[in-house]
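Subject: Structure handover

Hello,

Here is the structure I promised to pass on. Please open it first, then read my notes below.

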Amino acid sequence: MPAAKSSSAPSPMMEQFLSIKAEAGDDALLFFRMGDFFELFFDDAVRAAAALDIALTKRGQHEGREIPMCGVPAHSAEGYLARLIAKGFRVAIADQVESPAEARKRGSKSVVKREIVRVVTPGTLTEESLLDARSANYLAAYAEAAGEAALAWCDMSAGGFHTAPVTAAALPAELARLNPAELILREGTEIAGNWPLSPLPKPNFDSSRGEAALKARFEIGALDGLGDFTRAEIAAAGALLAYLEATQMAAVPRLRAPQRQLPGGFMRIDAATRGSLELSRTAKGTRAGSLTACLDATVTAPGARQLSADLAAPLTDATEIAARLDLVAAFHAGGEVRERLRTALKEVPDLERALGRIAAGRGHPRDLGLIRDGLTRADQIRAHLKRATLMGPPPMLADLLATIGPHGELTGLLHAALVPEPGMNANEGGFIAEGYDHTLDEHRSLAKDARRHIAALEAEYRAQTGVEKLRIKHNNVLGYFIEVAPKHADGMMAADSTFAHRQTLANAVRFNSEQLAGLATRIAQAQGQALALEAKHFADLNAAVLTHAESIEATASALARIDVSAALSELAAQRGWVRPAVDDSHAFTITRGRHPVVEAAMKSGQFVANDCALERDGFVWLVTGPNMAGKSTFLRQNALIAVMAQAGSFVPADAAHIGVIDRLFSRVGASDNLAEGRSTFMVEMVETAAILNQATDRSLVILDEVGRGTSTYDGLSIAWAVLEAVHDGLRARCLFASHYHELTALEPRLDALRLATVRVREWKGDLVFLHEVTEGAADKSYGLAVARLAGLPGDTTARAAEVLAALEDTRDATGGIAAGLTELPLFAAAEPRAEVKDALREKLADTRPDELSPRAALDLIYELKRLAD
């Protein structure tokens, strides 16, 4: 905003705008309500016009320059908000908090009061049009306190609220799991990753303030009843609540009490692994083609969000996993029950988000209808499943049904109060059912059928006076009046008449009556009174819904879990998946496993299934074979089967036995990170280092082509050392794919290393990929054959063949690049290295520069030169 003094005083309207804009700050665009439009001024207008591709105009002057201006219609503002939020903007909404009539009572020149009612940010959305119905929209906060760190997060649209202690090393993985739409953190804090950040001043992260905020929010005297939170968790939760209060003003959303999520409760999967396995997004950034999309046969939006959460954080408790699998198995066996259930679930609306909008004060009559219809259908589903005959029945189902309703009292009220399909705008009325409020019915009748009521009174007056041509008319001066011919006026002017003379014209005499005046007043007021009554009923119904909020939330959660289980059982039935055995052993045995996403994209019967057995006597597999043969698919499919099993799903295999995996690591594929200045090889090494530093003997490690991003000698040596480290140090279950055939020399020396290869066959000069994984090692890389398949020119591949022959001759003569590696001592990586003395470094370490005289400094230079030589 210009800083120069104004040459002329701004208008009262502009003064109000400038005051509210100062409150909103420069980091938010200000939507300033003016009648039927939201207007933007100054730099906000310039930025918004460019982002929205709308016209930029001018309005008057301020401090010597024209004021840029643009605007959007209030009735379609949500669409523009969605575009601005998607482009990274924050938007403060300054709405009118009084009517023009109320403003005029304060003076004819009074400006309508406006206030910021909300700041719209990516993590605080509740509107349907601004959200993806099938994905959670998390607002997260990161805080450090008492030497610890923690995350708190909520989905404001659905009411969930969680906290978790984290370490610096685990933070990127946790953020990758949550994928927050917005991350709150203390000003000056730096974290890795490209997250939408909202820095707040340090006081917002004070744990004492956080504790007070939590107590006030949930009306408790001590936090012990909620859980044993760390100071860092309390600080993060407090910062999140402070941010919600600052952005949502009076309409702070309803949140459930915070639940702790401890790190050991689910499989840890870092960001690189999630990207490599395409768990929720493909390499292109789309949901389609990911594991989540492949498994999403849910028929409700909360069910889709629950499935995404399950796959993002697979369980590590074998008992909890078994409970989920029991429920899937029950629906899998009960095909008829499953079919009827899924048909009923399709009619259940998104109860979580409808309740969230009502709680935040942004609900519509339609949301009340969604609550009514959803709870009604939930009670029907509950009754159906209680009558159904299912295998077991599974204990989880009984627990879920116990949390669903009954909701007869609330649904009865909503059925009585609402029309079958309530509209979106409470201000327009028409959503309260006829017969619910007789006074409202009378007002509506007057407002809608004014002519009929006037005609009835007109007929009554004709009968009373005997004047057949008596008419009740209306004009803008007199309003409603009674008109008769002059010859009938005398009788109506009699002292005992109920009529009052209003006007005499040449051809007519006009009268009024108390009855007509009362009817006219009621007609004039009927619409306003009807709207006022509906507004009161709307508020009362919202309050009634909120008194049942906990029951509605429990019902929505139970239906989401049932939807997920029924969907997974449907997929299992359609695609021939089996129930995995998941326990606390170290087993990993997959019989005829298949890649769920690849198989779904292929015609039935085309996918080649393969076994994988990472047992105690062979927990590391070295997989060789040419490119295009299917090594990466084989590696990924086993990792995905593990994720599915521990998320509680049946898996694409003939049989599966999986010992619980605490952490999953997958380094498959190559990419650079130019934003952080990392080459492809550097990214590969960082990810490999994370595996070697974090994996345990209960982890599953997938490594593909370690060392390929550098020279052959460097790459082979790194791959050799990493393979030894996984086998000897981590003792983790591992699939290790490589083109370095020299690594097969480790098989006799590493007791738990097994060799596997992907079969290919050469037929009349062509390479045929069989996609079968068998025991043994590839006899060669077939690189030239793959190059020919890719369309490399014939003269180029011929020349490559000549070079290859020369290199192979040299290899045969020298023993190859791996010559001498077999002579390395076994477990050399574990042997301590003698510390190498460095006289030059020691001399420098002992030197105190500030204490040296010029002569001593010169002598030191000579001494250092001598040591260097």
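The protein chain has 29 helices and 27 strands. Its radius of gyration is 37 Å, well over the 29 Å that the globule rule gives for 869 residues, so the chain is more spread out than a compact globule. Please keep in mind that this is a predicted model. Along the principal axes, the C-alpha atoms fill a box of roughly 135 × 85 × 65 Å. Of the 869 residues in the chain, 47% are buried.

Next, the second largest pocket. Its volume is about 1500 Å³. The lining is made up of 35 residues. Closest to the centre of this pocket are Asp95, Gly361, Arg362, His364 and Asn427. Which elements supply at least two residues each of the lining? They are α3 (77–86), β5 (91–96), β6 (114–120), α13 (351–359) and α20 (514–547). The largest share comes from α20, with 6 residues. By class, the lining of the second largest pocket splits into 17 nonpolar, 10 polar and 8 charged residues.

Now the aromatic rings. A pair of aromatic rings is described by the distance of the centres and the angle of the planes. Counting pairs with centres within 6.5 Å, the model has 9 aromatic pairs. Take Tyr461 and Phe499 as one of them. Their ring centres are 5.0 Å apart and their planes meet at 80°. Planes over 60 degrees apart count as edge-to-face, so this pair is edge-to-face. Where do the two residues lie? Tyr461 is in helix α18 (residues 450–465), while Phe499 is in strand β16 (residues 499–504). The pair therefore ties together parts that are 38 residues apart in sequence. Are these two residues buried or exposed? Both Tyr461 and Phe499 are buried.

Ring pairs also build a cluster. Its members are Phe17, Phe32, Phe41 and Phe42.

Last, some backbone details. The peptide bond from Gly405 to Pro406 is cis, with omega near 0°. Pro406 is found in the loop between α15 (395–402) and α16 (408–417).

Ala146 is not a glycine, yet its phi is positive, near 55°. Where is Ala146 found? It is in the loop between β7 (139–145) and β8 (148–155).

With a relative accessible area of 73%, Glu219 is exposed.

Start at α20, which gives the second largest pocket the largest share of its lining. Go on to the edge-to-face pair of Tyr461 and Phe499. Finish at the cis peptide bond from Gly405 to Pro406.

Best wishes

Note on methods:
Residues are numbered from 1 along each chain as its sequence is written. This is a predicted model: local features need pLDDT of at least 70, side-chain atom pairs count only at pLDDT 80 or more; totals for chains, interfaces and linings use all residues. Side-chain values use heavy atoms; hydrogens and water are left out. Rings of Phe, Tyr and Trp (its six-membered ring) pair if their centres lie within 6.5 Å; planes under 30 degrees apart count as stacked, over 60 as edge-to-face and the rest as tilted. Helices (H or I, at least four residues) and strands (E, at least two) are DSSP runs, numbered from the N terminus. Buried means under 20% relative accessible area, exposed over 50%, partly exposed in between (1.4 Å probe, protein chains only). On a 1 Å grid over the protein atoms alone, a cavity is a set of points where a 1.4 Å probe fits but cannot get out, and a pocket is an open set with protein on both sides within 12 Å along at least five of seven lines; lining residues have an atom within 4 Å of a point. Grid points are joined across faces, edges and corners, and a volume is the space filled by probe spheres set on the points. Ala, Val, Leu, Ile, Met, Phe, Trp, Tyr, Cys and Pro count as nonpolar, Asp, Glu, Lys and Arg as charged, and the others, Gly among them, as polar. The radius of gyration is taken over C-alpha atoms; the globule rule is 2.2 Å times the number of residues to the power 0.38.
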